[in-house]
Amino acid sequence: MIAVRDTRDEAAFARLFEHFAPRVKAFLMRSGADATLAEECAQETMVTLWHKAHLFDPARASVATWIFTIARNRRIDALRRQKRPEPEDLPWGPEPEPNQADALALQQESEHLGEALAALPEKQRVLIEKAYFGDLTHSEIAAETGLPLGTIKSRIRLALDRLRHAMK
Amino acid sequence: MTMHQISHHLTDSLLMAYAADALPEAFSLTVATHISMCDECRARLGAFESLGGAVLERSEAVAMAEDSLSATLARIRGGAPVRDRPAPPRKARGVLPAPLRDYVGGDLDAVRWRPIGMGVKQAILPTSREASARLLYIPAGAAVPDHGHRGTELTLVLQGAFVDETDRFGPGDIEVADEDMHHMPVADIGDDCICLAATDAPLRFRGMIPRLAQPFLRI
C-alpha cells in the first residue's frame, strides 16, 4: 500500500487488487448486491483506493480497515442506502511522516483482532459478520453485542489504545 | 475542538452500528456530530472500523471477472471520475460542527427556528423517515415537558447545558435514552441551551395538552 501511495507502483497495486478485490466483492454480495453490481462496485473501490492513496495513514488504519471504509461508502451509493453523514475531519498535527512505531503497532493489533475474530465460537462470529454486512439494525446490535463482544472486547480495547496513542 | 471535558459518550452499540452503517440517517448525523466534538469517540470508532476491516479480510473471496484488473487499471488511467464527495472546505469555526452545518445550510444564524411554546424553539432537519432529527433551543432555566420514549432518543448538547433526573449534560455530552426512561430536561440557568435530538419514535408526553399538541408540533 505504501508503494502505491508513495511511488504509484502498479505492480504493488495489482497485488493489493488480487488480495482485496475478491473480498470486497464478497462483502458487497453478502450485503445484498448481485454479482454484476458487486463486481462494478469492487472495481470502483479499488479505483478510489488508487486516487485517494495519499490519504492513507498506516498509524490510523490497517489497509483492510481503510478498504472497508471505502467499500462501505460505495455500498451506500450502489444499494441506495440512507445517507451517512461523516464526522468533521480532524486537523491532524504538523506531522508529515506518520510515526513508524505507531503504524507497526497498529498493524500488529489489527492482525491480532482478526485472529480473535476467527477464534470466536461460530455463532458469535456470524453475528458480528452479519452486523458489518448490514443485516442487523441498531437495536439488534444493542441486544446482541453484549454477548459476542465479550470475548473480543479486550482486543478492541487494545486496538483503541493504539489509535488513541497515534492521535495524540 | 473539545472545549469542555466531555463525560457522556456514545455507547458501544451505537459506535458499532455507525461503523457498520446500520443507523437511520438522523442517528448517523447525531453520531457524526458528537464524534466531530469528541476525540475519544473518534478513536473508539476507529477500533470498531478495525473490526470491519477484520471481517472484510476474513471474507471468503469471490472470483472477479476475467478482465477485472485490466479494466480497473484502464479506469484509473482513463481518469474515470471517482464519484466521491470532495472534502468540504474548512470554514471558520462556529457553534455547529461540519456535519450539522451541511443540514442547516450554515451555522446557528442560518437555523430556521419555530416556536413550540414556553420559549422553546425547534428546527426539524431533513432526514430519512426512519428517524427524525431536530435542533432544540431551550432558554436558560426553561424545561422541555416531562416525556417518555417509545424508541431510542439521542440528545447532544451543542451549547449551554441541561440537567435531568440522571445528570448534568454540557457541550459535547450525549444522552442515550431508551424506552424505560422518563425525563424532564431543564436548561442550565447560565446560558440558553441548544441541542441536537434524534429519535426513532414519536415522543410520548405525560400531560394531556402536550399529547394533543403533538401531531401539530411534529415532535
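Q: Which residues does K25(A) touch, not counting residues up to four places away in sequence?
A: K25(A) touches A35(A), A38(A), E39(A) and A42(A), along with V62(B), A63(B), M64(B) and A65(B); contact means heavy atoms within 4.5 Å. This is a predicted model, where local features need pLDDT of at least 70, side-chain atom pairs count only at pLDDT 80 or more, and totals for chains, interfaces and linings use all residues. Residues are numbered from 1 along each chain as its sequence is written, chains are lettered from A and ligands numbered from 1 in the order in which they are written, and side-chain values use heavy atoms, with hydrogens and water left out.

Q: Is K25(A) buried or exposed?
A: Buried, at 7% relative accessibility (buried means under 20% relative accessible area, exposed over 50%, partly exposed in between, with a 1.4 Å probe and protein chains only).

Q: And where is K25(A) placed?
A: In helix α2 of chain A, residues 10-30 (helices are DSSP runs of H or I with at least four residues, strands are E runs of at least two, numbered from the N terminus).

Q: Switching to the sheet in chain B: what is the strand order?
A: β7-β6-β10, an open sheet of three strands with antiparallel pairing (two strands pair if DSSP finds at least two bridges between them).

Q: Which strands stand at the edges?
A: β7 (168-169) and β10 (186-187) of chain B; each has a single partner strand, so one side of each lacks a neighbour in the sheet.

Q: How many bridges link β6(B) and β10(B)?
A: Two, in the antiparallel sense, with β6 spanning residues 162-163. F162(B) sits opposite A187(B) in β10(B).
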